[in-house]
Amino acid sequence: MTNLMRIEFYKLRRFKVFYAVIGFLIAIFAYSAVKNAEKHLFTDLYQVFKVSLPDTSFSFLFAVLTSLFVGNDFSTKTVNRELVTGSSRWNVIISRIIPVWIMNIAYHTLNIVLYMAAMGIDAGYSFDGFGTSDIAWFGTVMLQIMALSTVITLITFICGNIYGGLTASVITLFALCNIMRNFTASTVYTSSCFCFAPDSSTATLIRCSVFAVFTIIAALAATYFVFRKRDIS
């Protein structure tokens with residue numbers, strides 16, 4: 001298990017797609033900074049934080065990052081070699097999911113930080129308005145990102161290849177995170193990992209956290225069940 005984790009974190013540090021995604025965000029937010037200077041859409045930094053933390057507009061990038069990182073090991077037969085050399089299927093799953101959690105948390109955190117930095121050029125960098133409840137809000141959204149990442153990993157393991165996993169996960173997230181939010185505001189949906197916690201109220205954070213933990217457990221169990229049934233030769 002230790003060796004598997006070491007290899008996956010080595011791959012993560014050299015995962016060029018992640019750096020390309022961050023470059024994309026920098027370009028987008030640089031453009032947004034210019035537009036905000038013209039139209040003054042944001043007047044303070046906390047307003048930017050409240051908009052960016054629960055935002056799922058770029059949720060498809062979670063799918064891109066996860067499916068490429070995990071799916072590549074199926075396409076290169078790395079998973080096959082690990083099983084042949086004695087690694088358990090559970091260890092193979094865990095050695096992927098932990099780096100994926102870290103990668104996607106880092107991605108969304110940078111998404112927020114870069115957006116705040118860009119909008120702060122015009123809005124200023126005062127931290128007025130931030131409170132301790134925002135720490136809990138941030139933690140809840142990160143937990144939801146872990147749940148979302150686990151679901152994408154499940155989809156990738158079901159597909160068993162990089163292209164199928166990428167296509168299926170992008171379509172799934174675009175439908176559930178981007179399209180679905182325009183058609184429903186049900187408690188089940190707004191509590192799920194496909195709709196990040198919209199505010200920092202105690203009731204919202206507890207509900208979203210419980211749903212996220214349940215999703216992680218269920219998706220991990222389903223991933224193991226699917227992977228255990230697959231013949232890897």
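The protein carries 17 positive and 11 negative side chains, and the centres of the two sets lie 14 Å apart. Lys and Arg count as positive, Asp and Glu as negative; His and the chain ends are not counted. Each charge is placed at NZ of Lys, CZ of Arg, CG of Asp or CD of Glu.

This is a predicted model: local features need pLDDT of at least 70, side-chain atom pairs count only at pLDDT 80 or more, and totals for chains, interfaces and linings use all residues. Residues are numbered from 1 along each chain as its sequence is written, and side-chain values use heavy atoms, with hydrogens and water left out.

**Overall build**

The protein has 10 helices and 0 strands. Helices (H or I, at least four residues) and strands (E, at least two) are DSSP runs, numbered from the N terminus. The radius of gyration is 19 Å, close to the 17 Å of the globule rule for 233 residues, so the protein is as compact as a globular protein of that length. That radius is taken over C-alpha atoms, and the rule is 2.2 Å times the number of residues to the power 0.38. Along the principal axes, the C-alpha atoms fill a box of roughly 60 × 35 × 30 Å.

The protein exposes about 11,200 Å², and carbon and sulfur atoms supply 69% of it. Areas come from the Shrake-Rupley method with a 1.4 Å probe; for residues, only the protein chains shown count as cover. Of the 233 residues, 46% are buried. Buried means under 20% relative accessible area, exposed over 50%, and partly exposed in between (1.4 Å probe, protein chains only).

Contact means heavy atoms within 4.5 Å. Among contacts between residues at least 6 apart in sequence, 85% join residues at least 24 apart.

**The core**

The largest nonpolar core has 65 residues. Such a core is a set of buried Ala, Val, Leu, Ile, Met, Phe, Trp, Tyr and Cys residues joined through side-chain atoms within 4.5 Å. Those with the most contacts inside it are F62, M103, Y107, W137, V141, L148 and F227. Elements giving it two or more residues include α2 (16–39), α7 (132–159) and α10 (202–229). Helix α6 gives the most, with 13 residues.

**Single residues**

| Residue | In contact with (heavy atoms within 4.5 Å) |
|---|---|
| V141 | L53, H108, F196, A197 |
| T153 | T66, I97, V100 |
| V92 | L4, V79, E82, L83, S87, F227 |
| I216 | W101, L143, M146, A147, T150 |

T153 sits in helix α7. T153 is buried, with a relative accessible area of 1%.

V92 belongs to helix α6. V92 is buried too, at 0% relative accessible area. V92 and V79 are 13 residues apart along the chain, and their C-alpha atoms are separated by 7.4 Å.

I216 is part of helix α10. With 10% relative accessibility, I216 counts as buried. For I216 and L176, 40 residues apart along the chain, the C-alpha separation is 17 Å.

Where does K77 lie? K77 is in the loop between α4 and α5. At 46% relative accessibility, K77 counts as partly exposed. Most residues other than glycine have a negative phi. K77 is not a glycine, yet its phi is positive, at about 65°.

Key: Lists of a residue's contacts leave out its neighbours within four places in sequence.
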